[in-house]
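Trainee: Please take me through this model, starting with the terms.

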Amino acid sequence: INAVAAQAGVSKMLIYRYFKSMDGLIAAYVRQFDFWINFDREFPTDESLGPFVKEMFHRQIVNLRSNNILRKFSRWELTSFNEHVDGLRRQREAAGLRLVEAAHRATGKPVEYIAAIATIFSTAISFLSLLEENCPAYNGLPIREDSGWTVIEQMINRIIDELLKP
């Protein structure tokens with residue numbers, strides 16, 4: 001807290017007043033920058049659905065890969081459980097359920113099917129983006145390089161195209 005207060009140019013007491021603890025401060029940062037918590041676009045129901053879903057996962061990749069602090073705090077969240085982490089998880093779950101339901105309405109595919117696919121994609125993106133700092137490759141794909149992520153994204157796009165076929 002001392003280092004954060006000094007960097008921000010505010011008193012330690014001010015941070016405690018607004019965030020209650022370091023966990024509260026970290027959770028506030030995650031809440032502000034987490035892709036899924038902040039996803040607020042309307043789900044299309046027409047032929048733009050495929051490009052929309054592809055762009056959604058692309059934006060998750062860019063969001064995590066471009067924000068080192070968010071990745072560090074995401075690791076904190078994975079290894080913690082407290083009221084702040086519980087709140088983040090509940091917010092993310094609510095956002096995910098809204099998207100799954102919207103995709104179900106748009107495609108007619110079963111909710112469980114959509115939820116499983118979305119879970120596989122979003123957790124793979126999260127895991128690999130957290131891993132890339134300490135691991136140069138995963139299954140031969142260079143995850144520290146854009147070229148590796150391009151291949152991953154191309155495959156996600158191909159799977160989405162297949163899934164959205166009538």
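Mentor: A pocket is an open set of points on a 1 Å grid over the protein atoms alone, with protein on both sides within 12 Å along at least five of seven lines; a cavity is a set where a 1.4 Å probe fits but cannot get out, and lining residues have an atom within 4 Å of a point. This is a predicted model, in which local features need pLDDT of at least 70 and side-chain atom pairs pLDDT 80 or more, while totals for chains, interfaces and linings use all residues. Residues are numbered from 1 along each chain as its sequence is written, and side-chain values use heavy atoms, with hydrogens and water left out.

Trainee: Which residues line the second largest pocket?

Mentor: One part of that lining is Phe39, Asp40, Arg41, Glu42, Phe43 and Thr45, and the rest is Arg98, Leu99, Ala102, Arg105 and Ala106. By class, this gives five nonpolar, one polar and five charged residues. Ala, Val, Leu, Ile, Met, Phe, Trp, Tyr, Cys and Pro count as nonpolar, Asp, Glu, Lys and Arg as charged, and the others, Gly among them, as polar.

Trainee: What lines the largest pocket?

Mentor: Its lining consists of 42 residues, and those nearest the centre of the pocket are Trp36, Ala118, Thr119, Ser122 and Thr123. Two or more lining residues come from each of helix 4 (49–65), helix 5 (68–78), helix 6 (83–107), helix 7 (111–131) and helix 8 (146–163). The largest share, 13 residues, belongs to helix 7. By class, the lining of the largest pocket has 26 nonpolar, ten polar and six charged residues.

Trainee: How do helix 4 and helix 7 cross?

Mentor: Their axes come within 9 Å and cross at roughly 20 degrees. Helix 4 is therefore roughly parallel to helix 7 (angles under 35 degrees; over 145 is roughly antiparallel, 65 to 115 roughly perpendicular and the rest oblique). Axes are lines fitted to C-alpha atoms, for helices over the stretch in contact, and angles run from 0 to 180 degrees between N-to-C directions.

Trainee: Which residues of helix 4 and helix 7 meet?

Mentor: Phe57, Gln60, Ile61, Leu64 and Arg65 in helix 4 touch Ala118, Phe121, Ser122, Ile125, Ser126 and Ser129 in helix 7 (contact means heavy atoms within 4.5 Å). These residues divide into six nonpolar, four polar and one charged.

Trainee: At what angle do helix 4 and helix 8 pack?

Mentor: The angle is about 155 degrees, with the axes 10 Å apart. Helix 4 and helix 8 are therefore roughly antiparallel to each other. Helix 4 contributes Gly50, Val53, Lys54, Phe57, His58, Ile61 and Arg65 to the contact, and helix 8 contributes Asp146, Trp149, Glu153, Ile156, Asn157, Ile160 and Asp161. By class, there are six nonpolar, three polar and five charged residues in this contact.

Trainee: And at what angle do the axes of helix 3 and helix 6 cross?

Mentor: The axes of helix 3 (residues 22–33) and helix 6 cross at roughly 15 degrees and come within 9 Å. The two helices are therefore roughly parallel to each other. Asp23, Gly24, Ala27, Val30 and Arg31 of helix 3 make the contact with His84, Gly87, Leu88, Gln91 and Arg92 of helix 6. Three nonpolar, four polar and three charged residues make up this contact.

Notes:
Helices (H or I, at least four residues) and strands (E, at least two) are DSSP runs, numbered from the N terminus.
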